[in-house]
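Welcome! Here is a short tour for someone meeting this structure for the first time.

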Amino acid sequence: MNLNLNNKVFIISGGAKGIGGAISRGLVEEGAIPVMVDPSDKEASEIIDLAKGKALQIPIRLFSAEQAKEVIELTLKTFGRIDGIVNNAGANDGVGLEHGNPDAYANSVAKNLFHYYYLAHYALPQLKEHQGAIVNISSKTAVTGQGSTSGYISAKGAQLALTREWAVELLPYQIRVNAILPAEVYTPMYASWIQSFPNPEEKLQEISNRIPLGKRMTTPEEIASMAIFLLSEKASHITGQHLYVDGGYTHLDRSL
Ligand code: NAP
């Protein structure tokens with residue numbers, strides 16, 4: 001299947017490591033140009049090498065509207081076009097209801113959610129011009145709950161709602177908007193979370209055993225395959241969808 005992504009330009013927040021890193025690498029393999037908004041220098045330069053220079057790192061921790069505007073401006077100045085964005089940067093920061101406080105909650109929602117809107121907002125003129133696509137990386141926790149993480153979950157749920165809302169608003173421009181819900185993906189963030197348990201290996205095995213398809217974690221590349229397909233013209237009649245790439249974790253009986 002030719003995804004026809006050659007020389008198309010995509011902005012990926014958190015695009016150097018983990019799921020975002022796999023999306024950037026996959027885009028390079030398709031001849032596309034990833035713009036990685038991510039402070040992780042080492043991983044970003046490996047991807048730039050892989051792309052033989054046809055990639056860009058914007059080394060910031062995206063938070064404000066002003067930063068998002070600058071990301072769009074710098075991308076346009078460097079490559080002259082934007083064909084899509086992947087809103088991906090975020091972290092499960094464990095700000096709960098009981099063990100949390102209003103300031104920490106507000107900050108967690110802001111960190112995990114607001115830049116999704118900001119990037120989409122400032123990229124819109126370009127997305128209109130090129131009939132671009134938006135992919136929002138949410139989480140199965142938005143629909144299952146997790147416990148002890150009210151801020152992160154608020155953001156992940158809102159990302160699903162915004163996916164539907166933007167899909168509707170952008171219908172007249174043929175801009176497609178979809179969300180991916182990963183469940184258990186072994187990334188640097190996941191690795192550091194698993195290390196917080198007294199016996200990380202045992203905990204990892206316990207979680208893997210609950211994943212119906214193959215009793216294994218989803219790989220970042222498996223999430224990337226879906227994201228890249230959704231960005232491409234091959235997904236030309238898919239919009240407003242919430243796609244679970246999770247080995248059946250969310251919907252199938254986990255005792256299988
Ligand atoms: P990860 O391993 O931590 O990689 C994320 C990358 O994004 C890192 O390079 C990180 O830099 C960077 N980053 C974080 N916040 C940023 C910001 N505000 N601006 C720019 N860069 C930022 O995370 P991941 O596991 O790949 O997660 C990616 C997305 O998938 C998140 O939205 C997460 O909620 C979602 N997700 C993941 C899982 C899973 O099982 N892994 C499950 C459900 C949903 P630093 O390392 O310096 O922070």
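## Starting at N2

The side chain of N2 makes a polar contact with the backbone nitrogen of N4, at 2.8 Å (such a contact is a pair of N or O atoms within 3.5 Å; within protein, one must be able to donate a hydrogen and the other to accept it, and residues adjacent in sequence count only if both atoms are side-chain atoms). N2 sits in the segment before β1 (9-13). Helices (H or I, at least four residues) and strands (E, at least two) are DSSP runs, numbered from the N terminus.

N2 counts as exposed because its relative accessibility is 57% (exposed is over 50%, buried under 20%, partly exposed in between, with a 1.4 Å probe and protein chains only). From N2 to P39 there are 37 residues in sequence and 32 Å in space, C-alpha to C-alpha.

## About the model

This is a predicted model, where local features need pLDDT of at least 70, side-chain atom pairs count only at pLDDT 80 or more, and totals for chains, interfaces and linings use all residues. Residues are numbered from 1 along each chain as its sequence is written, and side-chain values use heavy atoms, leaving out hydrogens and water.

## The sheet

Now follow the strands: 7 of them form an open, parallel sheet, ordered β3-β2-β1-β4-β5-β6-β7. At its edges are β3 (56-58) and β7 (242-245), each pairing on one side only. Two strands pair if DSSP finds at least two bridges between them. β1 and β4 (residues 84-87) pair in the parallel sense over 3 bridges, and I12 stands opposite V86 in β4.
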